[in-house]
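Open the model in your viewer and keep the selection tool at hand. The stops below go one after another.

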Amino acid sequence: MLVTMKEILDHANKGYYGVPAPNVGGEREARAAIEAAEELNSPIIIDVGYSAHPDLVFFGKYLTVLANQSTVPVAINLDHGGHASVALLRDPITALRAGFTSIMVDRSMFPYEQNLAMVKEIVPIAHAVGVSVEAELGHVGSGEDVTGTSILTDPAEAVDYIQQTGIDCLAVSIGSAHGAYAKNIIPHIDFERLAEIKKVTNEFPLVMHGGSGTGDENLHRACHEGINKVNICNELLFYAGKAVQAADLTGNGAYAIWDILVNAWKDRLKFQIENFGSAGQAWETKPIGVSSFNQATMAE
Ligand SMILES: [Zn+2]
């Protein structure tokens, strides 16, 4: 059942577990992600990058239909939500039109005051139509250059940021980074910082970006010590690619290519659902009813 990301993260926060947020770019992965969640009775967050699909409105509508057919709680989240200046407002607003139940408004590339002001502007608009908002403080950089591109989250600043913006969850920078890590190193995760942020923010729902390659033990621990959503993309694709490389695609073997890709992607996602403590955590969701999604959520 389609739900807001806030509903999922509040549940995960109370239960001290993490929900995977795989990046999807099309029907095959979206369906596989929801199937994986159903098979393990887990909630799931479908992350869609702002450039992952050429038509965000079409894809969003497709995902809402799929989510509403599901037996487990499913949220649809716009990942990052506009990097280029022209897309700062366009992408989040398009996602609202498309029926996403959450938008990430990432302005972490700007100085603190600007980040704060821009996120503050969008939160009431999203909340008016029952959509959750994720934002980022500090900056999660690239795995190719973790120390050069990341800025760790300041716990005291996080308290002020959450209070002033009214966001529903906060992406924190505690050592992970986007994409594959240079030389496949396992990054150092600053668990002391995570504990401090969780404490001073009064147990606010927290998000980790750059879950891929961050180390299964690190992710397991992070999810049990305050991270409630983990974004994961590169790692699932890596496993899918490895499976295709190992397959015999000669002759009619080529027909199996999509199944090989998707099954390997899904198997790795299922591993992380278990690893994050999300398996078995799904709850019974109430039907939204016959009115449109936005009307129903506005009445909540
Ligand atoms: Zn990210």
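Which strands and which helix make a right-handed β-α-β unit? Select strand 6 (residues 169–172), helix 8 (residues 191–200) and strand 7 (residues 206–208): strand 6, helix 8 and strand 7 make that unit. Right-handed means that, with the strands pointing away from the viewer, the path from the first strand over the helix to the second runs clockwise. Helices (H or I, at least four residues) and strands (E, at least two) are DSSP runs, numbered from the N terminus.

A word on the source: this is a predicted model, where local features need pLDDT of at least 70, side-chain atom pairs count only at pLDDT 80 or more, and totals for chains, interfaces and linings use all residues. Residues are numbered from 1 along each chain as its sequence is written, and side-chain values use heavy atoms, with hydrogens and water left out.

Strand 5 runs parallel to strand 6, joined by 4 bridges. Two strands pair if DSSP finds at least two bridges between them.

**The cysteines**

How many disulfides does a search of the whole structure find? The search finds 0, a disulfide being a pair of cysteine sulfur atoms within 2.5 Å. The sulfur of Cys169 is 14 Å from its closest cysteine sulfur, in Cys223, too far for a bond. Both residues are buried: Cys169 at 1% relative accessibility, Cys223 at 0%.

**The zinc ion**

Go to the zinc ion. Its protein donors are His80 (NE2), His178 (NE2) and His209 (ND1), lying 2.0 Å from it. Donors are N, O and S atoms within 2.8 Å of the metal (3.2 Å for Na, K and Ca); water is not among the atoms, so sites may look incomplete. In sequence, the donor residues are spaced H-x97-H-x30-H. His178 sits in the loop between strand 6 and helix 8, and His209 in the loop between strand 7 and helix 9 (216–224), 31 residues apart. His178 is partly exposed at 26%, whereas His209 is buried at 1%.

**Last stop: strand 1**

Select strand 1 (residues 19–22). Val19 and Ala21 on one side and Pro20 and Pro22 on the other are all buried. Strand 1 pairs in the parallel sense with strand 8 (residues 227–232) over 4 bridges. Look across from Ala21 to find Asn231.

Terms used:
Buried means under 20% relative accessible area, exposed over 50%, partly exposed in between (1.4 Å probe, protein chains only).
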